[in-house]
Amino acid sequence: MIEEKKVNLYTNLIYFIVVVGLCVLRICSGFGLFAFMGKAGSYVFSVVTQVGLCFFLPLIMLKCLTKAPNREVFRFCSYKKTSSKIIVASFVLGFVVFFLNIYFSTFFNSFISLFGYKHGAASEIPGTWWGLLLGVICTAVLPAICEETLHRGLVLNGNSFFGLRKSIVITSVLFGLLHMNIEQCGYAILIGLLLGHICCGCGSIWPSIIVHFMNNFLSVFLSWSRSMGWSVGNIFGLFSKFMQSNPLIGFVVFFLLLVLLMYAVHLLVGYMFRETFTNSFVKKQKQMASIALRESFFHEIDSIKKDNANGEDDEILRINASDFQAFVNQNLANIFKEAKAIEEKDKKFKMLPNAKVFYWGSIALGAIMTLLSFIWGLL
């Protein structure tokens with residue numbers, strides 16, 4: 001088991017190192033570190049930052065600091081099984097979140113434009129099949145797995161001593177700032193709040209990975225579709241023109257779609273939570289039923305043993321039912337151990353001084369880089 005007393009310190013230390021590494025790579029990239037690679041430079045940068053810094057480095061450091069086995073490290077990061085129904089619901093939720101994200105990003109980008117911020121040209125995916133494949137891997141698959149492992153896995157569980165709500169908010173703020181881009185920071189924090197609730201509610205990181213993947217994948221697909229000259233790639237441009245030419249009808253449609261998307265998120269998240277609870281309840285029921293059956297069986301054996309006054313077959317009937325009762329009570333205690341652990345985590349927890357330095361250092365570095373991206377957009 002990973003030692004709980006120092007896990008918060010380890011978590012914040014690891015995250016601070018990741019943020020420092022990302023800052024250095026971003027600065028070096030700004031000075032043309034990957035320019036000699038041409039178009040491949042952006043893909044190399046993505047692999048180095050995502051796979052190297054956000055995935056392998058945190059997991060390896062956590063393993064070395066805690067001396068925990070690989071399986072325990074992945075379990076700590078919420079890599080746990082989930083049902084096929086929740087997997088399907090996660091894909092549908094990811095589709096809904098993508099369109100909801102368009103609303104949030106449009107509003108936030110319009111807001112910062114009021115201050116004179118000039119938005120940079122969005123990078124287009126090359127209109128080739130290999131361009132789509134590389135775009136999906138580097139923009140959808142890797143960020144979904146690596147960023148979720150770092151935030152909804154390592155940081156969320158490492159700060160769980162503050163209670164679920166605080167740890168979700170902390171993780172979401174760090175997630176938004178880690179993008180180090182003012183255009184992405186706002187909606188990334190909002191999506192982070194949703195992903196944190198999904199991960200905690202489902203007890204597994206896989207649903208949040210899938211939602212994250214779908215959001216990025218649809219963005220890549222639409223960009224690639226525009227490069228291919230497909231009409232589906234310009235769906236948001238056509239919708240924008242419709243709103244400009246029909247302001248009243250456009251506003252009504254805009255509002256109704258927003259309400260519909262929010263309601264869909266509510267239904268899907270509720271379904272995923274209910275499905276998780278049902279699966280957990282059935283599992284506990286089976287465990288308790290198994291214990292009850294074994295208890296009844298050994299009680300019967302004990303009664304048979306008493307009836308054998310002559311001591312025949314005594315070698316076989318040596319099990320004492322009262323001893324087994326203690327075994328049953330111990331198993332019942334283990335069944336509800338997780339619920340007790342959650343209650344304990346809701347208690348107030350004082351962060352160690354060193355952990356505070358790393359925690360606030362991560363926030364400061366992310367905020368500075370995000371602010372610099374805003375200033376750069378003003379210039």
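## Cysteines

The sulfur of Cys199 lies 5.6 Å from the closest cysteine sulfur, in Cys200, which is too far for a bond. A disulfide is a pair of cysteine sulfur atoms within 2.5 Å. The structure holds zero disulfides. Cys199 counts as buried because its relative accessibility is 3%. Cys185 counts as buried too, at 10%. Buried means under 20% relative accessible area, exposed means over 50%, and partly exposed lies in between (1.4 Å probe, protein chains only).

## About the model

This is a predicted model: local features need pLDDT of at least 70, side-chain atom pairs count only at pLDDT 80 or more, and totals for chains, interfaces and linings use all residues. Residues are numbered from 1 along each chain as its sequence is written, and side-chain values use heavy atoms, with hydrogens and water left out.

## Two helices and their ends

Helices (H or I, at least four residues) are DSSP runs, numbered from the N terminus. The expected span of a helix is 1.5 Å times one less than its number of residues. Helix H8 covers residues 206–228. Its 23 residues should span 33 Å, and its end C-alpha atoms are 32 Å apart, which agrees. Gly229 follows H8 and has a positive phi, near 80°.

Helix H6 (residues 164–178) has 15 residues. H6 reaches 21 Å from its first C-alpha to its last, close to the 21 Å expected. The buried residues of H6 include Ile168, Leu174, Phe175 and Leu178. Just after H6, Met180 takes a positive phi of about 55°.

## Aromatic rings

A pair of aromatic rings is described by the distance of the centres and the angle of the planes. Rings of Phe, Tyr and Trp (its six-membered ring) pair if their centres lie within 6.5 Å; planes under 30 degrees apart count as stacked, over 60 as edge-to-face and the rest as tilted. A search of the whole structure finds 16 aromatic pairs. One of them joins Phe16 and Phe358 and is tilted: 5.7 Å centre to centre, with 40° between the planes. This pair links distant parts of the chain. Phe16 is in helix H1 (residues 4–30), Phe358 is in helix H13 (residues 353–378), and they are 342 residues apart. Phe16 counts as partly exposed, at 24% relative accessibility.

Tyr359 and Trp360 form an edge-to-face pair, 5.1 Å centre to centre, with 70° between the planes. Tyr359 counts as buried at 11% relative accessibility, whereas Trp360 is exposed at 52%. Elsewhere, ring pairs link Trp129, Phe213, Phe217, Phe221, Trp224 and Trp230 into a cluster.

## Nonpolar cores

A nonpolar core is a set of buried Ala, Val, Leu, Ile, Met, Phe, Trp, Tyr and Cys residues joined through side-chain atoms within 4.5 Å. The largest has 44 residues, and Tyr15, Leu22 and Leu150 have the most contacts inside it. The elements that give two or more residues to this core include H1, H6 and H13. H1 gives the most, with nine residues.

Contact means heavy atoms within 4.5 Å. Not counting residues up to four places away in sequence, Tyr15 touches Leu150, His151, Val155, Leu174, Phe175, Leu178 and Ser362.

## Lys85

Lys85 has its place in helix H4 (residues 84–113). Lys85 is partly exposed, with a relative accessible area of 47%. Leaving aside neighbours within four places in sequence, Lys85 is in contact with Tyr271 and Glu275. Lys85 and Glu275 are 190 residues apart along the chain, yet their C-alpha atoms are separated by 7.8 Å.
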